[in-house]
Amino acid sequence: MIQSINSIPAFDIKQQYTSIAAEVNAAVLEVLASGRYIGGPVVEGFEQQFAAYHGVTECVACNSGTDALYLALRALEIGAGDEVITTPFTFFATTEVINAVGAKPVFVDIDATTFNLDVTQIAAAITPKTKAIIPVHLFGLPVDMTGLMAIAQSHNLAVIEDCAQSTGASWGGQKVGSIGHIGCFSFYPTKNLGGCGDGGAITTNDSAIASKLRVLREHGSKTRYIHEEIGVNSRLDAIQAVILQIKLRHLDIWNKKRQELATYYYQFLSQIPGIVPPQELLGGVGVWNQYTIRISGEGRNGASAQYRDWVRSQLQEKGVSSMLYYPRPLHLQPVYESLGYQPGQLPVSEQACHEVISLPMFPELTAEQQDQVIYALKDCLS
Ligand SMILES: *Cc1c(COP(=O)(O)O)cnc(C)c1O
């Protein structure tokens, strides 16, 4: 489909770079001249700043959000025979790592307004094999961490927060990633704090876990060429770290812009019949990595997916790009056929996959562009 010249992208990471290009370019050149490309003072400096931002004592940087989750599970010694409870409505990386350590993902359905784990359904999924829960603060909206931590504590389960889409969000005044035992972050370029390449980080207040993570990310080695266990190579580059140091200073301003855009979207989209806009829970402050609405009103189960796809194509014709996060829930993915889940078993997640559209959302989105998105939606649905 041909996009009009004025078409609005779903995200635009070039604009963000342009706005801080002079600062970033100078800092990158300095790292290049330093000869310290892996580890070293710039990476350690970023780890300290990221820990301080979250009010935790430890931050361990690594190569990606996926690695952060994998290393967290390894540090907690979760493996064969263990079960980990999580959501089926997330990016595949969240559960891929559960299998990578030899454990089994157990899926619990989501809440219809936040797209996050329905905390009231967790207890029923706990078995003697359950070792941990991975709440995902999806689209930047925090999970009900008060409810979740209470269940985890009463069953003695570890909590690994997947904060890949929620850097800067908070629950009850505490930053996400500082509430569970371990927080996992991604610096993939389109995340709220995005690098210019892959990157990730792990936060915790547990110094023993942090030491284990540092050994695991460095080939299971504390002393060079002495290997205590099987680890991986998962380090953050100094070039990424220096870019992230700069961007971290802008993060709150960028997140605030996203919050204003979300409020504006809500004000108008909640008036359009057939659109269900997202809402955060009381107690949470979201950072809106995505603004994901539901298109409802047409038939259910399959028919609504076609209707949603039609709405997306109409938007595209009007010059509005959108994204589809996520078209298929994880419990119905081919790779998980052997787990035995059936269609209809986690109905809220399944319906979300048929109804969702993620609208343009990035700090540089202008008021005019946002109005164009709203008018386009109004047109499609009237
Ligand atoms: C992006 C993402 C990840 C993985 O992060 P990478 O840095 O791309 O490996 C994990 N979980 C969720 C929810 C994500 O959105």
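# Briefing: ligand surroundings, helix packing and backbone features

Of the 14 residues around the ligand, those that come nearest are Gly-65, Thr-66, Gln-165, Ser-186 and Lys-191. The structure is a predicted model. Helix H4 spans residues 65-75, and its packing against H7 and against H5 is set out below, together with the pairing of H8 and H11.

**Ligand contacts**

- A polar backbone atom of Gly-65 is placed 2.8 Å from an oxygen atom of the ligand.
- For Ser-186, an N or O atom in the side chain is 2.6 Å from an oxygen atom of the ligand.
- Thr-66, one of the residues that come nearest to the ligand, also takes part in the contact of H4 with H5.

**Packing of H4 against H5**

- The axes of H4 and helix H5 (residues 93-100) are 9 Å apart, and the two helices pack at an angle of about 40°.
- H4 is therefore oblique to H5, and their crossing is right-handed.
- H4 contributes Thr-66, Leu-69, Tyr-70 and Leu-73 to this contact, while H5 contributes Ala-93, Thr-94, Glu-96, Val-97, Ile-98 and Ala-100.
- The contact of H4 with H5 comprises, by class, seven nonpolar residues, two polar residues and one charged residue.

**Packing of H4 against H7**

- With helix H7 (residues 207-216), H4 packs at an angle of about 120°, and the axes are 9 Å apart.
- This angle makes H4 oblique to H7.
- The crossing of H4 and H7 is right-handed.
- On the H4 side the contact is made by Leu-71, Ala-72, Arg-74 and Ala-75, and on the H7 side by Ile-209, Lys-212, Leu-213 and Leu-216.
- Six nonpolar and two charged residues make up the contact of H4 with H7, with no polar residue.

**Packing of H8 against H11**

- Helix H8 (residues 238-269) and helix H11 (residues 367-381) have axes that come within 11 Å and cross at roughly 30°.
- H8 and H11 are therefore roughly parallel to each other, since angles under 35 degrees count as such.
- The crossing of H8 and H11 is right-handed.
- From H8, Leu-261, Tyr-264, Tyr-265, Phe-268 and Leu-269 meet Gln-370, Asp-371, Val-373, Ile-374 and Leu-377 of H11.
- Sorted by class, the residues in the contact of H8 with H11 are eight nonpolar, one polar and one charged.

**Backbone features in loops**

- Glu-77 has a positive phi of about 55°, although this residue is not a glycine.
- Glu-77 is located in the loop between helix H4 (65-75) and strand E2 (83-86).
- The peptide bond that joins Tyr-325 and Tyr-326 is cis, with omega of about 5°.
- Tyr-326 belongs to the loop between helix H9 (303-317) and helix H10 (347-355).

Notes
Residues numbered from 1 in each chain as written. Predicted model: local features only at pLDDT ≥ 70, side-chain atom pairs only at ≥ 80, totals over all residues. Heavy atoms only, no water. Axes fitted to C-alpha atoms, helices over the stretch in contact; angles between N-to-C directions. Helix = DSSP H or I, 4+ residues; strand = E, 2+ residues; numbered from the N terminus. Parallel < 35°, antiparallel > 145°, perpendicular 65-115°, else oblique. Left-handed = near helix turned anticlockwise from the far one by under 90°. Contact = heavy atoms within 4.5 Å. Nonpolar A, V, L, I, M, F, W, Y, C, P; charged D, E, K, R; others polar. Near = heavy atom within 4 Å. Polar contact = N/O pair within 3.5 Å; in protein donor to acceptor, adjacent residues only side chain to side chain.
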